[in-house]
Structure formats: structure tokens, C-alpha cells
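This report describes selected local features of one protein model. Please keep the sequence and the structure at hand while reading.

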Amino acid sequence: MQTRLFLIVSSLWLIFFCGDCSKGGNNDSPIPPLNPPVAVNEVDFWLTKADQTALLEKQTTVLTFGTSSNTNLNIEIDSTQTFQTIDGFGYTLTGGSAQLINAMTAAQKANLLQELFGTASNAISISYLRLSIGASDLNAAAFTYDDMVPGQTDLPLANFNLKADKAGGTGLIPLLKEILTINPNIKIIAAPWSPPVWMKDNSSFTGGSLQTQYYDVYAKYFVKYIQGMKEEGITIDAITPQNEPLHPGNNPSLLMLATDQRDFIKKNLGPAFRTAGINTRIFVYDHNCDRLDYPLTILNDPEAKQYVDGSAFHMYAGDIIALSQVHISHPDKNVY
């Protein structure tokens, strides 16, 4: 064993020694040094840092795929199994946001809108927006599109108008028109935080429930909203009957139980959309992942289900696996 080990080491020494000698002048064909291959970038990525030293900046760092083993999880892609397509990614555009954006200088506003909705390499390219039907809890004040003095009602919705979101109000509608000039294909979903208070059992913007006697007129309220936005050149792709229906503590807000939403959709909202020829999709629930019983209560009712495109979820509570569980129960309906 000692002899063999000595010979191997000696051979290696000789090889390295001769390799070094090849650089001398006595060799007519010198062997060039071996250079590692130049790494070629295989992934482009943009970076934003918390301290804002980088804001959606394209990075020049070379990222390549190696062959060394690691302990990372494998992601297996089964091309034979498909699910729903993605409609888009985006944010809620509140009345408060609209007022702040509209208060910027013309140059600042133009730059911001291009960064958010444009197609340049440094743009986020938002493809979906969420609106509140009337005020949300992030507006300066609570309002709906048919507010009446206390004690009065408006069953024919003669007082309905969108002026609170036009110029002189939040400026939401003029801002949306500017956004649509940048991205005319952006999709929009809208949800109410509260119906007009004269329809509620507590006559307040905060909490309370929709009185059944106003179900039909409230369905027509949705129709007038969608038609009114269409007249402004704004297409509402989808709605939910209520934002966070199990959280009546916001101002504005509404408590709408699953059975209430089920009955409202199947008896009033769905038929009203069908009668008016409205193709706006209806998403049910619009709340956290901890109450599967809510969307399933509606989807399990065939009469209500026929009007529903899918279920919408928030991520403040529960587990995202809820989306898969609802999908498994009703694979013909989408999840958002």
C-alpha cells in the first residue's frame, strides 16, 4: 500500500510539474491555461428593497442553473391537469386613494399611473382593480349612491347617481378613465360596503342587516350602478354582493349571513341581472378562508348556483387550502 500511494502522488506531482514546464520556451506548442466557461444569465429579475434603495430595478447579477444537488423542494408540473386561468393581479382603488392621487402634480400623477398600469420595463402593469360600490372604510366619509334624509326611502331609485365619485367628489371615475387610456383591457371588480341606510334594519352605515322588503330594490341598485358605470365608459367585470359580510364593525359595513346572500342572489340579484341583460359576474362570499360553510351554503343551492361564477376569499384568517376545498366541492365554479 505504501508503494502504490507513493507512485500515485509522484505521478500527480509529475503531471503538474510537466504542465508548468510547458510554459517554458523549449515547447513549440504551449498549452493555454484552462478558463472556466463564461456564465450566461438565465433569469431576468427586478428587485424592490424595503429601505427603497432599489425600486423595481432590473438587476445585472448573473443567475444560472447549476447541476449540483440541493435539498430544495421539487415542483412537479403535470401538463395534463389544468385549472382555471388567472384573470389578473391588482389592488383596491379606494376613494381615499383616488383623492390622494388626484392631488399630485400633473407630472407626478402621470409618472405614477404609468408605473402602476403601463407596459414599460419598469412598470408593475396592474391588470385587475377592485372598487367599492359607494364608500369603503377608506373613504373620507361614508356614502352610497342613493342617500336620503332620515325617515325617507326611494323605492324607484329616482335619487340614484354616481356624483359622489365624479369630479368634485372622490374623483374616482375621472381617475379610472385615465387608467383605462393606459390599459383599456384592465378588469374591474366592485363590492359594496353598505347599502343605502334606509334599506337597513338599524338605519346606520355601520353594521345592521339588509331588510328583506328591500331585496328587490337593492338588486336594481346593483343594476343601476353597472349601467351607470357603463355610461361612463367603465365596464364592471364582476361584483360581490357584500364586502366582508361577516364583519359588520367597519364604517360602512353590513352583516349579511350566508342564507341571506343565498336568497338575495337566487330571488333578486341573479334574476335582475338576467332581466337587464347584464353579463357582470357574481362572486359570492368575499371574506376570509375560515368559513367554508358560507360559500358552500350558496353553491349547494342549485337555484342560487346558476347565477354564480365563483367564490372570492380574503387572507386575513384561515388557510388558503380552503380555496381548493371549495373547488373540489364545486369544480365547475371558480375561486378568487
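Predicted model: local features only at pLDDT ≥ 70, side-chain atom pairs only at ≥ 80, totals over all residues.

**Helix pair**

Helix α5 spans residues 215-231 and helix α6 spans residues 258-276. The two pack at an angle of about 45 degrees, and their axes are 9 Å apart. At this angle α5 is oblique to α6. The crossing of α5 and α6 is right-handed. On the α5 side, the contact is made by Tyr215, Asp216, Tyr218, Ala219, Phe222, Val223, Ile226 and Gln227. The α6 side contributes Asp260, Phe264, Asn268, Leu269, Ala272, Phe273 and Ala276. By class, the residues of this contact are 11 nonpolar, 2 polar and 2 charged.

**Two residues**

| Residue | Relative accessible area | Class |
|---|---|---|
| Arg130 | 16% | buried |
| Thr61 | 44% | partly exposed |

Arg130 lies in strand β4, residues 128-133. Arg130 counts as buried because its relative accessible area of 16% is under the cut-off of 20%. Its side chain makes a polar contact with the side chain of Asn243, at 2.9 Å. Apart from neighbours within four places in sequence, Arg130 is in contact with Tyr91, Thr92, Leu93, Ile189, Ala191, Trp193, Asn243, Asp286 and His314.

Thr61 sits in the loop between β2 (57-58) and β3 (90-92). If residues up to four places away in sequence are not counted, Thr61 touches Asn41 and Phe45. Thr61 and Asn41 are 20 residues apart in sequence, and their C-alpha atoms are 7.9 Å apart in space.

How values were computed: Residues numbered from 1 in each chain as written. Heavy atoms only, no water. Axes fitted to C-alpha atoms, helices over the stretch in contact; angles between N-to-C directions. Helix = DSSP H or I, 4+ residues; strand = E, 2+ residues; numbered from the N terminus. Parallel < 35°, antiparallel > 145°, perpendicular 65-115°, else oblique. Left-handed = near helix turned anticlockwise from the far one by under 90°. Contact = heavy atoms within 4.5 Å. Nonpolar A, V, L, I, M, F, W, Y, C, P; charged D, E, K, R; others polar. Buried < 20%, exposed > 50% of the residue type's maximum accessible area, 1.4 Å probe, protein only. Polar contact = N/O pair within 3.5 Å; in protein donor to acceptor, adjacent residues only side chain to side chain.
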